[in-house]
Amino acid sequence: MQAEHLRKLFQYHFDINQKIWDEIITQLSDDQFTKQLPYSVGSVRNQIVHMIDIDKGWFRTLQGERWPGTSNPANFPDRESVRAYWDQTITFMKEILNRVEDETLESIFPPASPNQVWQLYMHVYGHGIDHRAQLLSMLNQLGVETIEQDYVLYLFGGTWPSRM
């Protein structure tokens, strides 16, 4: 894997999360945002905080830092505090991604030997897809119309190309 390819994949990760926030999360009432659902980690808020924690945790770990642990979602009482945490984490991730080099991605990550660094970044990317699908299901349970998150739709500007 090349560093530029990784940056493009994570740009999709950031953009689709932003789209879900802007087009769907903002439609929720405060009660819906924190309503406990019998799925995944509980509420939309909890799901988003979990997604942020895992992104941040892995990116810190891949920088040689200790796993920072997970947040108590109750420490984020409203959407504004969750959004601020998300924006802060995205900024942190982009700073790291801007420094990633091809050679770094091919190197072995000692704590997870014999796995290469790129494989662990792909785990983070895949985790985001998995939990985003769960989030979209939760939003649908709350009666909100959701969107498709297919990467290919992102590549083709939101619509299927006519040649497919």
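User: What makes Arg 60 count as partly exposed?

Analyst: Its relative accessibility is 24%. Buried would need a value under 20% and exposed a value over 50%, so Arg 60 falls in between and counts as partly exposed. Keep in mind that this is a predicted model.

User: And how do you know that Arg 60 and Glu 65 meet in a salt bridge?

Analyst: The N to O distance between their side chains is 3.1 Å. The cut-off is 4 Å, so the pair qualifies. Glu 65 is partly exposed too, with a relative accessible area of 37%.

User: How many salt bridges are there by this rule?

Analyst: The count comes to five. Another of them joins the side chains of Glu 4 and Arg 7, at 3.2 Å from N to O. Both residues sit in helix α1 (residues 3-23), three residues apart, which is about one turn of the helix.

User: What does the salt bridge of Arg 79 and Asp 30 tie together?

Analyst: The distance here is 2.9 Å, N to O. Arg 79 belongs to helix α4 (residues 79-99) and Asp 30 to helix α2 (residues 30-34), so the pair ties together parts that are 49 residues apart in sequence.

User: Is Arg 79 buried or exposed, and what about Asp 30?

Analyst: Arg 79 has a relative accessible area of 15%; that is under 20%, so Arg 79 is buried. Asp 30 comes out at 53%, which is over 50%, so Asp 30 is exposed.

User: Why is Gln 149 called buried?

Analyst: Its relative accessible area is 14%, and buried means under 20%, so the label holds. Gln 149 is found in the loop between α6 (117-141) and α7 (151-155).

User: Which residues is Gln 149 in contact with, leaving aside its neighbours within four places in sequence?

Analyst: Tyr 12, Ile 16, Ile 129, Arg 132, Ala 133 and Leu 136. As for Ile 129, its backbone oxygen lies 3.3 Å from a polar atom of the Gln 149 side chain.

Technical notes:
Residues numbered from 1 in each chain as written. Predicted model: local features only at pLDDT ≥ 70, side-chain atom pairs only at ≥ 80, totals over all residues. Heavy atoms only, no water. Helix = DSSP H or I, 4+ residues; strand = E, 2+ residues; numbered from the N terminus. Buried < 20%, exposed > 50% of the residue type's maximum accessible area, 1.4 Å probe, protein only. Polar contact = N/O pair within 3.5 Å; in protein donor to acceptor, adjacent residues only side chain to side chain. Contact = heavy atoms within 4.5 Å.
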